[in-house]
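Open the model in your viewer and keep the sequence beside it. We will go from one selection to the next.

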Amino acid sequence: MTNLDDFVAVARTFDITPGKMLRVNAHGAWIVVANIENEYFAIADTCSHEDASLYKGVLKSGYIRCPLHGSRFDIKTGQPLEEPAEEPVDVYPVCVQDNVVYIGPPLHEDA
Ligand code: FES
């Protein structure tokens with residue numbers, strides 16, 4: 001069993017069906033929780049380019065596309081896949097237990 005001390009419960013699994021996203025507030029930030037083929041991912045909501053909500057973008061297998069200028073971000077690493085965004089966004093570890101989705105503190109690429 002995973003130690004959930006630093007994790008926060010944000011949703012039930014059936015709140016986020018495959019292909020859907022949910023915007024939640026945890027660890028002092030707005031976070032997009034996405035379900036891709038019943039695997040859950042958590043990525044910062046605010047684009048690293050300008051102040052746009054990735055939650056309002058498009059979720060595809062493996063990435064989320066910013067609604068403002070179209071940069072795609074890798075859903076697992078937060079890395080931008082093309083310009084204009086050049087900086088990554090935070091991603092968060094996700095744990096699912098007993099149909100509850102938990103999010104841990106942000107993972108930083110340089111950590
Ligand atoms: S605000 Fe997201 S790509 Fe410009």
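Two strands count as paired here if DSSP finds at least two bridges between them. Keep that cut-off in mind for the first stop. This is a predicted model.

**Stop 1**

Select strand S9, residues 94-97, and strand S10, residues 100-103. The two run antiparallel, and four bridges join them. Now pick Val 94. Which residue of S10 stands opposite Val 94? Ile 103 does. Next, go to the turn. S9 and S10 form a hairpin, with two residues between the strands. Click on Asp 98 in this turn: its phi is positive, about 50°.

**Stop 2**

Move to strand S2, residues 21-26, and strand S3, residues 29-36. How many bridges join S2 to S3? Six bridges do, and the strands run antiparallel. Highlight Asn 25 and look across to S3, where Trp 30 is its bridge partner. S2 and S3 also make a hairpin, again with two residues between them. In the turn, select His 27, which has a positive phi of about 55°.

Show the side chains while you are here. In a regular strand, side chains alternate between the two faces of the sheet.

**Stop 1: the S5-S6-S7 sheet**

Select S5, S6 and S7 together. These three strands form an open sheet in that order, with antiparallel pairing.

Zoom in on S5 and strand S6, residues 63-65. Three bridges join this antiparallel pair. One to click is Lys 60, whose bridge partner in S6 is Tyr 63.

**Stop 2: the whole chain**

Zoom out and colour by secondary structure. The protein chain has ten strands and zero helices. From the N terminus on, every element is therefore a β in the run β-β-β-β-β-β-β-β-β-β.

Now view the overall dimensions. The C-alpha atoms fill a box of roughly 40 × 30 × 20 Å along the principal axes. The radius of gyration is 13 Å, which agrees with the value near 13 Å for a compact globule of 111 residues.

Of the 111 residues, 32% count as buried. Among contacts with a separation of 6 or more, 39% are between residues 24 or more positions apart.

Terms used:
Residues numbered from 1 in each chain as written. Predicted model: local features only at pLDDT ≥ 70, side-chain atom pairs only at ≥ 80, totals over all residues. Rg over C-alpha atoms; globule rule 2.2 N^0.38 Å. Buried ≥ 20, exposed ≤ 12 C-beta atoms within 10 Å, placed from the backbone. Contact = placed C-beta atoms within 7 Å.
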